[in-house]
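Here's a quick tour of how two chains meet. Have a look at the model first, then read on.

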Amino acid sequence: MDKEARMDWLVKRVAQEFKSGDVVNLGIGIPTKVANALPEGIEIILQSENGYMGVGPAPEAGNEDPDTVNAGGQYATILPGGCCFDSATSFAIIRGGHVDATVLGALQVDEEGNLASWMIPGKMVPGMGGAMDLVVGARRVIVAMEHATKNGGLKILKKCDLPLTAAKQVNLIVTEMGVIEVTSKGLVLKEIAPGLTFEEVQACTEPILYLPE
Amino acid sequence: MTKVIGVEDAIRKIENGMTIMVGGFIGCGAPGQLLEEVYGKEVKDLTLIANDTGILGDALSQLIVHRCVSKLIATHIGTNKETGRQMSAGELEVNLVPQGTLVEQIRAAGAGLGGILTPTGIGTIVEEGKQKLVINGTEYLLELPIRANVALLNAYKADKAGNLVYRRAARNFNPVMAMAADLVIAQVDHIVEVGDIDPDEVMTPGIFVDYLVQKQPRGVTNLG
């Protein structure tokens, strides 16, 4: 598989993690693409943390509404059955355990389920926005990211060395190389992307990977 | 009694060194017209409390560009590079706060609470210097109330008594900030007579709002 096909596999694989009726918050970037890759018959409710439920597709050119943007500030739509609320209600939904899953990218994840996704000291300090609340509050935290950095640097580590977004909250890591579950015993490689071997995935992962029992 | 005043009279109430809260989320639901007046007046040394500092070029971003702000409390500054530049250069004091924490700190101030307990930030640098409490076996951070001298808000509709209605995602921080400032000024698309908004439709009670400023028309493509 080429790079594009691998990323496509990643997105489709994340989309299989939901059941109909799940309330899901998708981060910006790779996670956003999951909405278009849901298996037939699966309908989920997407939350946008800036204040509404029922995120729809991007509007057609000419139909942009300045009052309807997503959490990345891009024009969006609200599906029939959706609803709007203020930021306090939005984060009550998030922290209060009413979001079934959040999918977000990461700079680093480690074998304890620690996540670093919001800053590189001295280089990139955009702020955490709603990420810390989402990772603490969502029932399931799914990291969807490329397995390594563009320079081949490891992102799945024994211990994150960047400032954390949250401690011990990640449940699942999905990359273009495979699907890794964070368990109390360590990282379990549940699935390997087509065409790859266990050894190839392990070579790009710092902590020991276990096979499912 | 009407609360409607001109934008210049409204912004005249903001003085150097004040703390202001500004509604909006990356420009959506931000009171652009009020903000233009603030940076136009070259107000200095403000403490700004807002979700973000806008997108470079928009009205909120210009508060930073025009150096009206000496201290910032926000959740995300990535859409305005000038904020990051001033922060790195030591010209602007920046306190980054998780979004759900910031909104609850503001709500706590408006609701007369002494603080809130949140699990967000535990095990991260956000917990540094803060008191932790264990409630029923779970660890929480104590986050203190945040209030301001002035709140600048944006609403879609208001009656002259100050009752506010917001539209779509433009609601965001506006209703919460309306409760947490000594003086609350809202710019409004449509100002109607008292009685023309059904009490059930009011999203922010008029008693929270001191002044309304008529917003100049803009292109809304979908009134819904």
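A salt bridge here is a side-chain nitrogen of Lys or Arg within 4 Å of a carboxyl oxygen of Asp or Glu. Keep in mind that this is a predicted model. By that rule, two salt bridges turn up across the interface of chain A and chain B. In a salt bridge, the side chain of Arg167(B) meets that of Asp67(A), at 2.8 Å from N to O.

Now for the interface as a whole. Chain A puts 38 residues into the contact, and chain B puts in 39 residues. About 2,900 Å² is buried between chain A and chain B, with carbon and sulfur atoms giving 62% of that area.

| Helix | Residues | Contact residues |
|---|---|---|
| α2(A) | 87-95 | Ser87(A), Ala88(A), Phe91(A), Arg95(A) |
| α5(B) | 99-111 | Gln99(B), Gly100(B), Val103(B), Glu104(B), Arg107(B) |

The axes of α2(A) and α5(B) come within 9 Å and cross at roughly 130 degrees, which means α2(A) is oblique to α5(B). The crossing of the two helices is left-handed. What kinds of residues make up the contact of α2(A) with α5(B)? They split into three nonpolar, three polar and three charged.

Terms used
Residues numbered from 1 in each chain as written. Chains lettered and ligands numbered in written order. Predicted model: local features only at pLDDT ≥ 70, side-chain atom pairs only at ≥ 80, totals over all residues. Heavy atoms only, no water. Axes fitted to C-alpha atoms, helices over the stretch in contact; angles between N-to-C directions. Helix = DSSP H or I, 4+ residues; strand = E, 2+ residues; numbered from the N terminus. Parallel < 35°, antiparallel > 145°, perpendicular 65-115°, else oblique. Left-handed = near helix turned anticlockwise from the far one by under 90°. Contact = heavy atoms within 4.5 Å. Nonpolar A, V, L, I, M, F, W, Y, C, P; charged D, E, K, R; others polar. Buried area = accessible area lost by both parts, 1.4 Å probe.
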